[in-house]
Amino acid sequence: MTLRHVVTWKMATTDPAERAEHAAGVASRLEGLVGVVPSIRALTAGVNSLAIDGNWDVTLIADFDDAAGLDAYQVHPAHQEVVGYVRSVSGGRSAVDFEV
């Protein structure tokens, strides 16, 4: 079993240039956790590429061996540092965790 953690965010700003900058910052910081947080098995983060109404700005897809691996990721100091930045620039969050 693998536990897949999928999160999407909307950036808080309405300024297009600032929104793009913040979204890129979120994705980059999340991808920087690979090799730092041991429980991450795979991780991809990306910025929305199409200007379609209703699309969110950033998505994270991360795989863990199990719920314990996700829990370890959540409390890891490097992840907590990223969380601080994400919270400072995001205006909405949605998440789903499922087995694959």
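This is a predicted model: local features need pLDDT of at least 70, side-chain atom pairs count only at pLDDT 80 or more; totals for chains, interfaces and linings use all residues.
Colleague: Which residues of H3 meet H2?

Modeller: H2 covers residues 67-75 and is included in what covers the buried residues of H3. On the H2 side, the residues that take part are Tyr73, Gln74 and Val75, and in H3 they meet Pro77, His79 and Gln80.

Colleague: Is histidine 79 buried or exposed?

Modeller: Histidine 79 lies in helix H3, and, leaving out residues up to four places away in sequence, it touches Leu33, Tyr73 and Gln74. Its relative accessibility is 6%. Because a residue counts as buried under 20%, histidine 79 is buried.

Colleague: How far does H3 reach from its first C-alpha to its last?

Modeller: H3 runs over residues 77-89 and so has 13 residues. At 1.5 Å a residue the expected reach is 18 Å, and the value in the model is close to that, at 19 Å.

Colleague: Where do the buried residues of H3 lie around its axis?

Modeller: The buried residues are Ala78, His79, Val82, Val83, Tyr85, Val86 and Val89. On the other side of H3, Pro77, Glu81, Arg87 and Ser88 are exposed.

Colleague: Are H1 and H3 roughly parallel or roughly antiparallel to each other?

Modeller: H1 passes H3 in a left-handed crossing, and the contact is made by Glu21, His22, Gly25, Val26, Arg29 and Leu30 of H1 with Val82, Tyr85, Val86 and Val89 of H3. The two helices pack with their axes 10 Å apart, at an angle of about 165 degrees. Because angles over 145 degrees count as roughly antiparallel, H1 and H3 are roughly antiparallel.

Colleague: Which residues does histidine 22 touch, not counting residues up to four places away in sequence?

Modeller: Histidine 22 has its place in helix H1 and is buried, with a relative accessible area of 15%. Its C-alpha is separated by 24 Å from that of arginine 4, 18 residues apart along the chain. With residues up to four places away not counted, histidine 22 touches Met11, Thr13, Tyr85 and Val89.

How values were computed:
Residues are numbered from 1 along each chain as its sequence is written. Side-chain values use heavy atoms; hydrogens and water are left out. Helices (H or I, at least four residues) and strands (E, at least two) are DSSP runs, numbered from the N terminus. The expected span of a helix is 1.5 Å times one less than its number of residues. Buried means under 20% relative accessible area, exposed over 50%, partly exposed in between (1.4 Å probe, protein chains only). Contact means heavy atoms within 4.5 Å. Axes are lines fitted to C-alpha atoms, for helices over the stretch in contact, and angles run from 0 to 180 degrees between N-to-C directions. Angles under 35 degrees count as roughly parallel, over 145 as roughly antiparallel, 65 to 115 as roughly perpendicular and the rest as oblique. A crossing is left-handed if the near helix is turned anticlockwise from the far one by less than a right angle, and right-handed if clockwise.
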